[in-house]
Amino acid sequence: MRGFPFSARAVALAATFLAGSAYAATPEDADKGAGAPAQAAPAAGQDDGEIIVTTTAQKRFENIQNVPLAVQVVTPADLEAQGVRHFQDLGKVSPSLVIRPSENPVNANVSLRGIGTFAYAIGVESSVAVTVDGVPLAFQARAFSDLPDVAMIEVLRGPQSTLYGKAASAGLIKIMTTQPTKDFHVKANVLATDDREYSGNFSVTGPINDTLGYVVSASYSNWDGNVLNVFDNKRVNGRETLNTRAKLKWKATPDATFTLSGNYVDGKTDFGRPFIRMTPGVTLLNRPGLTTDVVLPGINIDPDNQKIANNDRAGTKFAGGGGILRSDINIGKMQVLGLTSYDKFHMNDYIDQDDTVAPGAVGRNIQDGRFQSRLFTQEIRLLSPGEDAFRYALGVYFADAAFERRFYRGPATSVRSWSATSGSRQIAAFGQIDWEFVKHLTATVGGRAQNERVEYTFNDKLLATNYGGHASDNATTYRLGLNWQATRDILAFGSYATGYKGQTYDISSGFDQNRADGGPIRPETSKDWEFGLRTQFFDRHLTFNVTYFNTEYTDLQAQTIEPLADGTSNFRLTNVGKMKTQGLEFEAAARVMRDLTINGGLTYLDATYTSWPAAPCYTQQTLAQGCIPQGKLKYQVLTGTRAVQAPEWKGSMSFDYTPALTEKLNGVVVGSWQYQTSVYYAARDPETFQPAFSIFNLSVGVREHSRRWEATLFVNNLFDKQYFPALVNSGGNFGPAGTTIATQSVLPRDFRRYAGLRFGVNY
């Protein structure tokens, strides 16, 4: 382990940042209800300043300060303070989380503690799982939407495979939505900004009779984007989304409750990647006459560029829906919980592949495709009472997932036309036992055993070839832990856990006989050590938590160059070697006075490839820069290199000040700060380097004393700081080959300062 570089600047940062939520609305039973009602009153004890945060990280409702896991709870207030209204912006409120957007959410990447899946194939799982109301999403792109009906989000860091399965080898994002309440409530919000964003949402919840309760919610958002396409003078990089959700909760008997929920989403995005750097005098595909003034007319290429020239559409159209039946049955002191779910989703994706308005077929090169996913799951859990000295959570899980992909690229360059399917069937048994064998000293033992079968078909329409295959695998993961409740407000813990991400096939462009003969990519496994301290002081007015983690990944799944026996090579998803990620996570919250809370978080991360002997060279990379020629093959050695998308320091902080103005009105002043050190989006590639940056947000307003209504004026990116959440090296599309710089950016929602008005009611 390299020594931590605790300079004076670093120590100052660590002292400045505070993490976690200052307080969270406590649900009646967060596990039974799968989330706090949006209209819940402040948690018990908040009136005297206590900070109380709840979590369901261990599949039962608990005070987060008593949970020996690295988990962060994010409330709607936290999202609002940081200007987060979309899934891809969650990294603003979670320091260990980085989400890199892309022209297609399938190609986006979600990573925790520097670990994510950088792959383009269908059926390849993310290393970070996402669940909604306790049910996993089969298709990561399904998560890339608005966050309109959130009651609470939990971010579980580090391997969570034992309780949450094979797609959680690096962590888990748990999204919980509004639940039925015993009393009638209406909540609604509208928002408008000075850069053409408009949105509104509402939820209505309450009782139908003594045994039936309901929730009906919907939201609509529209933003036309912050990039101008000079070809048709239309704005792009925006989105339009409609979300709806309904729940019916039936208390059939005092010991049996059933909750049926359904959801539907429909939306579209449009996309544009402005060129921010370009070598003077280059031509598209090194073809005479296709200079930048011809193919990118009217565009000033510089880091502030917000214009593109696309003569074909780029974006997505998507729709999908599903349902969940949740059963809660009490048998004596035990609870039997059942979760049955079905989800279906499709997305059409298209892109102007050449990103220009070049004349002829070259300038009309497109990508066009369609994704479809289907997922059925069944989970049954047996839970003991949470207050007993001997506690357990036992369960079985079944999942059947299917994916389809149709893809076309052409007609001029890199022509491809294919269709494919990918499927998986999984059955697992899991359990965790917590035993307080000595007063205040608790041991944890957990394990999971699973069997999975994966299969695929691939039809290359250009070569008229067909492939198919299947494979099965058995796997086990486990977790061991020990925690000591030193006092009512101090918990120390240590744990060792293993993680597992399942085998898969690389079903993408370029699939051929060599890939078919290679069989499935081996599973990715991990071993994780964690030590942490959870503390509260001054009658729970101050919370301070710290976690040290050290995780090693073996058979890391990533895109790389693979030499083949016939002398050729494949650029494919495969097992590339090993990676180690270690660091410190600081979390705290302070109720400074009745009307002032401060919270935030800070992560120090050291993520390194410990073995990656043959990675692709980046465009423009020379021998002197580490690009090694070997026949027709070129590669670089990444062993010892810092992982991509893994900033050394990342944090956020916010404050909420609500002084009384009159007997019925309170003022509202909310400020937030996000900070991130430099990062590479592709290993060692200087064209994908993002320097360190800070973003500040501020909102002021007025609120009715009992929170029945609130009106605020907000400014996001207060100091107009430009940064890029993703950069793309497109030098290979221009010439002369090997030396040309052509860099494109993905602009964030807050690339420029913007202001808006928000008005909400809560009855």
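Is Cys617 buried, exposed or partly exposed? I looked this up and found Cys617 partly exposed, with a relative accessible area of 21%, where buried means under 20%, exposed over 50% and partly exposed in between, using a 1.4 Å probe and protein chains only.

**Entry 1, the model.** I note that this is a predicted model, in which local features need pLDDT of at least 70, side-chain atom pairs count only at pLDDT 80 or more, and totals for chains, interfaces and linings use all residues. Residues are numbered from 1 along each chain as its sequence is written, and side-chain values use heavy atoms, with hydrogens and water left out.

Taking a disulfide as a pair of cysteine sulfur atoms within 2.5 Å, I get a count of 1. Cys617 and Cys627 form a disulfide, with their sulfur atoms 2.2 Å apart, and the torsion about the S-S bond is about 100°, so the disulfide is right-handed. Both cysteines lie in the loop between strand S33 (596–611) and strand S34 (628–630), so the pair ties together parts that are 10 residues apart in sequence. Strands here are DSSP runs (E, at least two residues), numbered from the N terminus. Cys627, in turn, counts as buried at 7% relative accessibility.

I then turned to Glu587, which lies in strand S32 (residues 578–593) and is buried, with a relative accessible area of 6%. The side chain of Glu587 makes a polar contact with the side chain of Arg157 at 2.5 Å; such a contact is a pair of N or O atoms within 3.5 Å, where within protein one must be able to donate a hydrogen and the other to accept it, and residues adjacent in sequence count only if both atoms are side-chain atoms.

Strand S8 (residues 150–157) runs antiparallel to strand S9 (residues 171–177), and 7 bridges join them; two strands pair if DSSP finds at least two bridges between them. I recorded an open sheet of 5 strands in the order S3-S8-S9-S6-S7, with mixed pairing. Strand S3 (71–74) and strand S7 (135–136) stand at the edges, each with a single partner strand, so one side of each is left without a neighbour in the sheet.

Key:
Helix = DSSP H or I, 4+ residues; strand = E, 2+ residues; numbered from the N terminus.
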